[in-house]
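Take a walk through this model. Start at one residue, then move on to the cores.

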Amino acid sequence: MQPRVSLIIPAYNAADSLPACLKSIAAQTYSALQVLVVDDGSTDNTAACIDAFAEQDNRFTRITQPNSGVASARNTGLDQATGEMIGFVDADDTAEPDYIASLVAMRSQADLISCGYRRVGADTRIITLGRSGALSREEMLTETLCSERIGGGCWNKLFRHDLIEQAQLRFDASLSVGEDMLFLTEYALVAERFWHVDQPLYNYITQPDSITRQ
């Protein structure tokens, strides 16, 4: 039996980008998913977009909250997640079909699993570390905090749910920037094993006018 993976997707006025994002999640080759899409007080058709997917696929759930920011939305998702592993996806982005399957395959090797990614935009390029395999805590922190080769976002990584809860970790909702790096650093300090899958499995889409990116 496949362990369940909970994917948390904060969405604020994301009706334009969200269909492509959710379509890429629905198309994952790994099927044991709980997809929690947190509508953070949107005023466009975000809710209807989420509901359209939820009606067709019972793995998708819409959670609605007053507009409180991406950190709060992720925390709301964490409070309702039931998966063994936790992943975060931005509403602007998409994932390759084998994204989750490739990372989950390494769950027995690591507490934190990352992968390469495509930075899609005016200057589209593939970002990789140059090797797959185990990393030390120091290597993981260096490559996430001081380099783009793994990146300081939570979106191309899988986390162990039990470690998050044992350490009582949540995103700092008082921060408007850097909440990803803080959460990632706090998690890395309680995790013991780290693994990188050096394939561009996540598409980080840079849109200058994106509300999420702003």
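Is Glu 186 buried, exposed or partly exposed? This is a predicted model, where local features need pLDDT of at least 70, side-chain atom pairs count only at pLDDT 80 or more, and totals for chains, interfaces and linings use all residues. Residues are numbered from 1 along each chain as its sequence is written, and side-chain values use heavy atoms, with hydrogens and water left out.

Glu 186 is partly exposed, because its relative accessible area is 31%. The cut-offs are under 20% for buried and over 50% for exposed, with partly exposed in between (1.4 Å probe, protein chains only). Glu 186 sits in helix 7, residues 179-190. Helices (H or I, at least four residues) and strands (E, at least two) are DSSP runs, numbered from the N terminus. Setting aside neighbours within four places in sequence, Glu 186 contacts Leu 169 and Arg 170. Contact means heavy atoms within 4.5 Å.

Now turn to Thr 144, in helix 5 (residues 137-145). Thr 144 counts as buried because its relative accessibility is 1%. A polar atom of its side chain lies 2.8 Å from the backbone oxygen of Met 140. Beyond four places in sequence, Thr 144 touches residues including Ile 150, Lys 157 and Leu 184.

Next come the cores. A nonpolar core is a set of buried Ala, Val, Leu, Ile, Met, Phe, Trp, Tyr and Cys residues joined through side-chain atoms within 4.5 Å. The largest has 37 residues, and Val 5, Ile 9, Leu 18, Ile 25 and Ile 100 touch the most other members. Elements giving it two or more residues include strand 1 (5-11) and helix 1 (18-26). A second, separate core has 28 residues, among them Ile 8 and Phe 88.

Note on methods. Polar contact = N/O pair within 3.5 Å; in protein donor to acceptor, adjacent residues only side chain to side chain.
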